[in-house]
Amino acid sequence: MLIKRPDDIKPSEITAEGIYRQRRHFLGTAAATTALLATGGLLLPQREVVAATDLRPLGSLTKSPFSTTEKPNSVEEITRYNNFYEFGTGKEDPAKYAHTLNTEPWSVTIAGEVEKPGRYTLEDILQPHPLEERIYRLRCVEAWSMVIPWVGFPLADLIKRFTPTSRARYVEFVTLHDPEQMPGQRRPTLDWPYVEGLRIDEAMHPLTILAVGLYGKELPKQNGAPLRLVVPWKYGFKSIKSIVAIRFTEQMPVSTWSRSNPREYGFYSNVNPEVRHPRWSQQRERRIGEFRKRETLPFNGYAEQVAHLYSGMDLKKNF
Ligand SMILES: Nc1nc2c(c(=O)[nH]1)N[C@H]1C(S)=C(S)[C@@H](COP(=O)(O)O)O[C@H]1N2
Ligand SMILES: [Mo]
């Protein structure tokens with residue numbers, strides 16, 4: 001069978017499944033360097049996964065009207081300054097250590113209050129969904145931000161396919177739990193596996209996407225390959241990486257960060273300059289790559305699209 005090069009494929013033909021059928025193994029690339037470095041007492045092989053050279057291009061993509069016109073951060077900034085505690089708590093740890101994550105094969109369990117539960121291959125999960133580029137601001141609860149050109153598709157489209165029951169009020173997401181592949185999980189930094197959740201209307205909102213790539217290429221492992229959530233009006237930690245399960249529930253899920261510190265992290269975690277984190281203000285943020293501070297906007301600048309989801313709610317109590 002002839003495999004089309006991305007340039008020969010019309011945008012309408014590009015589906016996530018196409019990419020995953022064609023993607024090559026890149027673990028053995030010669031460009032990769034291996035070294036032994038100590039990380040907080042653990043001896044781990046270190047190898048930076050550099051997005052520019054290792055990753056499959058996703059071809060030409062539909063440009064989303066939901067994209068910001070702000071200038072995206074560089075691929076180096078986006079792939080070398082990360083939060084992914086499964087690979088360590090340092091910002092540079094994920095780029096160094098995420099190479100031990102094995103994303104092939106990958107499966108996602110769909111469970112709970114849903115008509116079509118089951119364990120699906122990544123290919124099955126992604127197959128019908130055309131991919132688009134969505135440039136979003138990401139605002140971390142630590143008061144920095146980035147602009148990232150994601151590649152993905154609306155989570156709502158996937159949810160409709162699997163048909164939640166009328167009892168489904170929330171969606172819970174779970175990251176892979178495997179200390180062999182994720183050295184950060186050999187320590188009790190967080191209560192593993194990492195879990196996040198959304199109310200079903202938040203999950204169905206057209207701004208909420210599942211991402212499979214960035215800068216036109218498949219996701220680097222440090223950014224949550226092969227599949228991660230992106231919810232642009234919430235603090236970055238809601239955007240859970242390397243998802244292996246999506247569960248529909250009647251009860252509000254307990255997210256990892258609110259379990260670890262309920263005083264500091266709530267379920268909603270909407271970006272809100274009016275509600276300070278107990279240890280710091282949320283009124284300003286530093287865009288990675290800049291020195292000056294920017295004002296943090298309510299709902300990270302997406303208020304017009306999402307504020308109605310919370311009408312009548314006290315967002316100081318429901319932080
Ligand atoms: N499984 C998992 N998902 C995660 C995290 C994590 O530690 N583990 N960190 C979160 C935080 S705090 C942020 S700010 C974003 C960072 O995404 P990025 O590294 O792709 O910019 O991922 C989120 N998703
Ligand atoms: Mo974050």
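**Conventions.** I number residues from 1 along each chain as its sequence is written, and I letter chains from A and number ligands from 1 in the order in which they are written. Because the model is predicted, I take local features only at pLDDT of at least 70 and side-chain atom pairs only at pLDDT 80 or more, while totals for chains, interfaces and linings use all residues; side-chain values use heavy atoms, without hydrogens or water.

**Fold.** I found nine helices and 15 strands in the protein (DSSP runs: H or I of at least four residues, E of at least two). Of the contacts (heavy atoms within 4.5 Å) with a separation of 6 or more, 72% join residues 24 or more positions apart.

**Burial and surface.** I noted that 55% of the 319 residues are buried (under 20% relative accessible area, 1.4 Å probe, protein chains only). The protein's accessible surface is about 14400 Å² (Shrake-Rupley, 1.4 Å probe), and carbon and sulfur atoms hold 53% of that surface.

**Ligand 1.** I listed 16 residues around ligand 1 (a heavy atom within 4 Å); N82, Y85, E86, S239 and K241 come nearest. I then checked distances from ligand oxygen atoms to side-chain N or O atoms: 2.7 Å for K241, 2.9 Å for N223 and 2.9 Å for R228. Ligand 1 alone exposes 530 Å², and the protein buries 98% of that.

How values were computed:
Buried < 20%, exposed > 50% of the residue type's maximum accessible area, 1.4 Å probe, protein only. Polar contact = N/O pair within 3.5 Å; in protein donor to acceptor, adjacent residues only side chain to side chain.
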